[in-house]
Amino acid sequence: MGIAVSAIGFGFVYGLSAREAGFSPIEVLAMSVLVFGGAAQFAAVGYVASGLAWPGIVLLTALLNARHLLYSAALAPWLSKERFARRAVMAHLLTDEAFAISIGHFRRLGSTDAWGYWMAAIVSTFIPWTLATVAGVVLGGQIPEPARLGIDIIFPAAMIGLSVGLLTGRREVVAAIVGGGVGVVVALVTSPPVGIIVGGLVGPAAGLTVPARMAHETAPLGSAASANSFSMPGAHAGSPPPDEPLDEPRVRPDAERPR
Amino acid sequence: MSTDLIPLAFLMFLVTYPSRALGLLTPWLDRLPRVGFDYLQLVGPAILAALAAVSVMVVVSDDGVPAFHIGIEWVAVLACLGVTAWRRNLLMGLIVAVAIVVVARNLGFAEIPS
């Protein structure tokens, strides 16, 4: 329920931002149904507004959503007995929220519960998110002077707020600072779209220069703690399930065998 | 009603779905090199920070020349950062950011962007 409420609030804000960037309701609906990824959709609003060419948008979307590889690999042993076609559909609905809920649910049960996955993915996330994003872009048209109401600040504020949940170690902090700094400098010298791309690619490389022993990583990518960090802020308040220690090792399928 | 961005949404789906499906549909995905995993971990913060920073610090004039911008937007974004980090709730941070901008603009302390 908490996740659904969070999805509604965040989805509505996304719809408002998308409208500001010139998205139509049908385009927002297409994004929500086909992409179904809050951070990537929010980022796409910024890319489109800044005039970034489509290949750049697609590249950055691929990078931003690549973390799902880890969630997918971690869930694979639990869902291996499901039919291939069903797993293919489950994959499209795999989000930070769906992973965080279902992996904790499976562990508590000690077995797979496909209905639990569908509930986490569709009822708690997909339906509220999609409807709220469309509501945001439709109802945003009723607002006469958006700048006076500060709607233009929602996008950059949402981006920086989303990044807070991802700062789970020193490498992430370095990546964010370098990414932002390089992005601004390159944007001033060239253009905002180029700055965003260069910042987004150089930042992680800078973060990797921090030695692993000094990184103090608290939520390795692919873990439930990481999913909580990426999921809609407010849904989990950034804390892992009680049975999920923050310093757990990187989740791998062979460490996730159903009991 | 514009449908120009629907193909873009489809392309974004095409690059997103494999990362969601490969692990579930193939068993070898966890063999990626460690440095690849580590790089992926850092992509999110870097891109989001770049987007936020460029959005509030760079404005493009009518003739297409980027320029450095200082304004109330900095205060709002920093306030959102602080509140979100403190309360672990982005919606609360957004409300504070919007409130700062609304008050500043409507009281004449900040320019209303065109």
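## Where the two chains cross

Let's start with a pair of helices from two chains: α4(A) and α2(B) pack at an angle of about 130°, and their axes are 8 Å apart. Axes here are lines fitted to C-alpha atoms, for helices over the stretch in contact, with angles running from 0 to 180 degrees between N-to-C directions. Helices (H or I, at least four residues) and strands (E, at least two) are DSSP runs, numbered from the N terminus. That angle makes α4(A) and α2(B) oblique to each other; under 35 degrees would count as roughly parallel, over 145 as roughly antiparallel, 65 to 115 as roughly perpendicular, and the rest is oblique.

Which residues do the meeting? Leu60(A), Leu63(A) and Leu64(A) in α4(A) meet Val43(B), Gly44(B) and Ile47(B) in α2(B), where contact means C-beta atoms, placed from the backbone, within 7 Å. The residues of this contact split into 5 nonpolar, 1 polar and no charged. Ala, Val, Leu, Ile, Met, Phe, Trp, Tyr, Cys and Pro count as nonpolar, Asp, Glu, Lys and Arg as charged, and the others, Gly among them, as polar.

## About the model

This is a predicted model, in which local features need pLDDT of at least 70 and side-chain atom pairs count only at pLDDT 80 or more, while totals for chains, interfaces and linings use all residues. Residues are numbered from 1 along each chain as its sequence is written, and chains are lettered from A and ligands numbered from 1 in the order in which they are written.

## A closer look at α4(A)

Helix α4 of chain A covers residues 54-65. Its 12 residues should span 16 Å at 1.5 Å a residue, and the end C-alpha atoms are 16 Å apart, which agrees; the expected span is 1.5 Å times one less than the number of residues.

Ile57(A), Leu60(A), Thr61(A), Leu63(A), Leu64(A) and Asn65(A) of α4(A) are buried. Buried means 20 or more other C-beta atoms within 10 Å of a residue's own, exposed means 12 or fewer, and partly exposed is in between, with C-beta atoms placed from the backbone. What covers these buried residues includes α3, α5 and α11 of chain A, together with α1 and α2 of chain B.

## Chain A as a whole

Chain A has 13 helices and 0 strands. Of its 259 residues, 59% are buried. Among contacts in chain A with a separation of 6 or more, 73% join residues 24 or more positions apart.

Within chain A, the axes of α3 (residues 38-49) and α9 (residues 154-166) come within 10 Å and cross at roughly 140°. Ala39(A), Phe42(A), Val45(A) and Gly46(A) in α3(A) meet Phe155(A), Ala158(A), Met159(A) and Leu162(A) in α9(A). That contact has 7 nonpolar residues, 1 polar and no charged.

## More of the interface

How many residues does each chain bring to the contact? Chain B brings 70 and chain A brings 91. On chain B's side, α2(B) gives the most, with 21 residues, and the residues of that side divide into 52 nonpolar, 12 polar and 6 charged.

Another pair spanning the chains is α2(A) (residues 25-35) with α1(B) (residues 6-25), packed at about 10° with axes 9 Å apart. That makes α2(A) roughly parallel to α1(B).

There's also Val60(B), in strand β1 of chain B. Val60(B) counts as partly exposed because it has 15 C-beta neighbours inside 10 Å. Leaving aside neighbours within four places in sequence, Val60(B) is in contact with Pro192(A) and Pro66(B).

Methods
Contact = placed C-beta atoms within 7 Å.
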